[in-house]
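Open your viewer and get ready to click through a few selections.

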Amino acid sequence: MSEAASPSNGTPPPTPPAPDPDAELDPPASQQDADSLAAAAAASPGLLPALGEDLSCLGGGLAAFTGDVLPAGADTDSEYELDDYENFDLGELIVSTTLRDEVQRVLQRFLSPRRVLLRDKITFVLGTCSLVSGAFFLGYSPQKFYRLYTAEGAAMLALRFTHYRWSRQHYYLLDWCYLANAMLMLQIWVYPTNLLLAKVTFAHAFGPLLWSILAFRNSIVYHSLDKMTSHFMHLYPACVCWTIRWHTADPLAAHLRGAGPQAAAAWEGGSLRDLVLLPMLPYMLWAVLYYLKVFVISSRKIQQRGYETLFQYSTQSRRSLFGSVVLRFRPSLQPLVYMCLHLLLTLTTMCLNQLWWRSYAANTAFLACIFAASAWSGATFYFDVFAARYLASVGIAARRRAGSASEAPSQSEAGSDAKKQR
């Protein structure tokens, strides 16, 4: 569920050493900073030339991968260690340092300052268009909103899987929010007339998924694909379930009309069993399998290979909700305590599901408030974090407090001279 999670994530470029927290970071107001910004913007390539260069660069990497081109000095006998389930066989060709060197060359090209600027501009435009199109469908044709969710979700999750697998964060993909999204896809495309499954997906969308936006501070940061993907995964399922509940479309609407008044009454009734107890069953199954996979079966591999998990992210600080509780126990008990706390919080977030199901006003207001909170988190990121981090990532140094302090004596001297002249 993380935005770090995911966890939070285009992919942000490698962050250079953090600036001095005591130094004051201001926008580049001086002429030198303005010139630096203009130079970086001017160096940013056009969209089509940049795509052409990137395709050429990727072609070189593909050629090295297939054995057609070998960089000078490459050692074809050295092995490149991959996960055991990824070690594929290409005959006598072994994936060697050739591939690693070529990938590093490609990544260095993609992470150059001008490429970062171009990529983030494109992501900003796409992120803006995503929210605008979502608002349009919710207002103009809410019955078709699920199609937009499916198209955007497939694209975003495919990119996230590729990014997370390469950055050793793929164990985040085992978290409950991904399974809840998959369950919603199953409901709207495979079992659209199943009333119970529709209520179960509603319970999770307005339960743990939507509340996770507050817990993990998911934010609307238009230029960050990672943050926009995390925001999408937690907000859009609730929007889909909102349209299914209050703007029911075919084939579910046709099923309710043809099944008689009993089916309509069963659909309108939101019992504790349908919206709290039964939705916990798939969650409990996931919790058991997740615990066995992450903390038992793959525990040693995760530690040895440095893979990241939501457990590590959530308990890295005692000031966090999970860390303040889990870190009080000895290490051998921390995974179990973490899962129990996760279960308790999931159950707690479902306690208001009956209210959301029965009241259109309450349900809509809750959804709007969560969206406003994510917008506030995005504004906080842009104004408090973005300026220092982003300008540093493209090689532009912000003005420091020391520079401002050096100007202060000259100003005071000028003031004293003016007084003497008077």
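Select Leu285, Val288, Leu289, Leu292, Val296 and Ile297: together they make a nonpolar surface patch with about 580 Å² of accessible area. Such a patch joins nonpolar side chains within 5 Å, from residues with over 30% relative accessible area and no salt bridge (a side-chain nitrogen of Lys or Arg within 4 Å of a carboxyl oxygen of Asp or Glu); areas come from the Shrake-Rupley method with a 1.4 Å probe. Leu292 lies in helix H11 (residues 272-297), helices being DSSP runs of H or I with at least four residues.

A word on the model: it is predicted, with local features needing pLDDT of at least 70, side-chain atom pairs 80 or more, and totals for chains, interfaces and linings using all residues. Residues are numbered from 1 along each chain as its sequence is written, and side-chain values use heavy atoms, without hydrogens and water.

Next, select helix H5 (residues 145-166), whose end C-alpha atoms are 32 Å apart. Its buried residues, including Phe145, Tyr149 and Met156, pack against helix H4 (113-140), helix H6 (176-189) and H8. After H5 comes Arg168, with a positive phi near 65°.

Finally, show the largest nonpolar core, 69 residues (buried Ala, Val, Leu, Ile, Met, Phe, Trp, Tyr and Cys joined through side-chain atoms within 4.5 Å). Tyr149 and Phe206 are among the members touching the most others. Helix H8 (residues 225-246) gives the largest share, 11 residues. Beyond four places in sequence, Phe206 has contacts (heavy atoms within 4.5 Å) including Trp242, Trp356 and Leu367.

Definitions and conventions
Buried < 20%, exposed > 50% of the residue type's maximum accessible area, 1.4 Å probe, protein only. Helix = DSSP H or I, 4+ residues; strand = E, 2+ residues; numbered from the N terminus. Patch = residues over 30% accessible without salt bridge, like charges linked within 9 Å, V, L, I, M, F, W, Y side chains within 5 Å. Expected span 1.5 Å × (residues − 1).
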